[in-house]
Amino acid sequence: MTVAVVALAAAGCGKSSNESTGSSASSEKYSGKGIGLAYDIGGRGDQSFNDAAYAGFQQADKEFKIGGLDVEPNDSESNADKVQRLEQLAKAGYNPIIGVGFVYGPAVEEVSAKFPKTTFGIVDDESVKADNVADLVFHEEQASYLAGVAAAKATKKNRIGFIGGVDIPLIHKFEAGFVQGAQSVNPKIKIEKQYLTQTPQEGGFSSPDKGKDAANGQIEAGADVIYHAAGLSGQGVIQTAAEHKVWAIGVDSDQYKQSSLSQYKDWILGSALKNVGGAVYELTKSVVEGKPLSGEVRGDLESGGVGFADSNPRYQAMKDVVAAVDQAKQDIIDGKVTVDTK
């Protein structure tokens, strides 16, 4: 059976980003129309958070041949727009339906109650408690701790930087882990810190120019390693770092491998990974197999849900940095180190 194209034409439903066709024959237990993936601010192409979710979408589609639809957000949209988007996906028969980002919390809570036979997932939010909702969350602070260790070992000036997209508790976790990791190497290290905006609607996760400006400021202050947790805005951070020949540390995806960042990759020390794609894949797998996940599903270092990417050969050549990061990872897994979240 071929999945029909579903037009999400109503205002607030967003732009259809990709329609993947497939057959549900891969599982007799599955009767949906495929995966419904609704992106966060920045959309597909951010080379970070949303693209990580899309990678999971692609993996699941390739393996289970069930098809799916991924949908872009609108600029400055309301919660009502998100509700409408998820409702249209549910009415069309997509299952599971996954909201990429905590901003979907209220919409997932509302729509999941109306469609109890559909499985919903929400990334980076654990507030929705329902039998048909999986809260796909992560120990971001653990990956950020490794980023902090790497930054403190790689810096030549004992001054590093953190740039958060939006000043919210989720991004505070990234900062907390980064600072703790860096200070575990050098308690006196100087750390520049900046948040791009107070709210997501102001573009903190979707404005490379804001990332550029923040990175320029931190480099002028003397930072020679900058870690961003800023989504699409992080592209500006990475570009500026490369132009000044200082290290950048990426986030969520392995940004060294992202095609749109290839001209800057030599200056991407590593990336604090969050396996959003794996979470999307595993939720889809559970639905296809007729045993949908629900409740909190949290990824950590031990499970491979978070990590630190070491793709850059220049990083791999820094044996003392690699050894310190590997040791820190093992210490967290062994319970010798507990990472702060605030």
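Tutor: A cavity here is a set of points, on a 1 Å grid over the protein atoms alone, where a 1.4 Å probe fits but cannot get out; lining residues have an atom within 4 Å of a point. Points are joined across faces, edges and corners, and a volume is the space filled by probe spheres set on them. This is a predicted model: local features need pLDDT of at least 70, side-chain atom pairs pLDDT 80 or more, while totals for chains, interfaces and linings use all residues. Residues are numbered from 1 along each chain as its sequence is written, and side-chain values use heavy atoms, without hydrogens and water.

The structure holds 1 cavity of 30 Å³ or more. The lining has 18 residues, with Phe49, Ile171, Phe205, Gly231 and Asp252 nearest the centre. By type, 11 are nonpolar (Ala, Val, Leu, Ile, Met, Phe, Trp, Tyr, Cys, Pro), 5 charged (Asp, Glu, Lys, Arg) and 2 polar (the others, Gly among them). Helices (H or I, at least four residues) and strands (E, at least two) are DSSP runs, numbered from the N terminus. Helix 5 gives the most, 3 residues.

Now the core. A nonpolar core joins buried Ala, Val, Leu, Ile, Met, Phe, Trp, Tyr and Cys through side-chain atoms within 4.5 Å; buried means under 20% relative accessible area, with a 1.4 Å probe and protein chains only. The largest has 69 residues, and Ile171, Tyr227 and Leu269 have the most contacts inside it. Helix 4 (residues 140-154) brings its largest share, 9 residues.

Note on methods: On a 1 Å grid over the protein atoms alone, a cavity is a set of points where a 1.4 Å probe fits but cannot get out, and a pocket is an open set with protein on both sides within 12 Å along at least five of seven lines; lining residues have an atom within 4 Å of a point. Buried means under 20% relative accessible area, exposed over 50%, partly exposed in between (1.4 Å probe, protein chains only).
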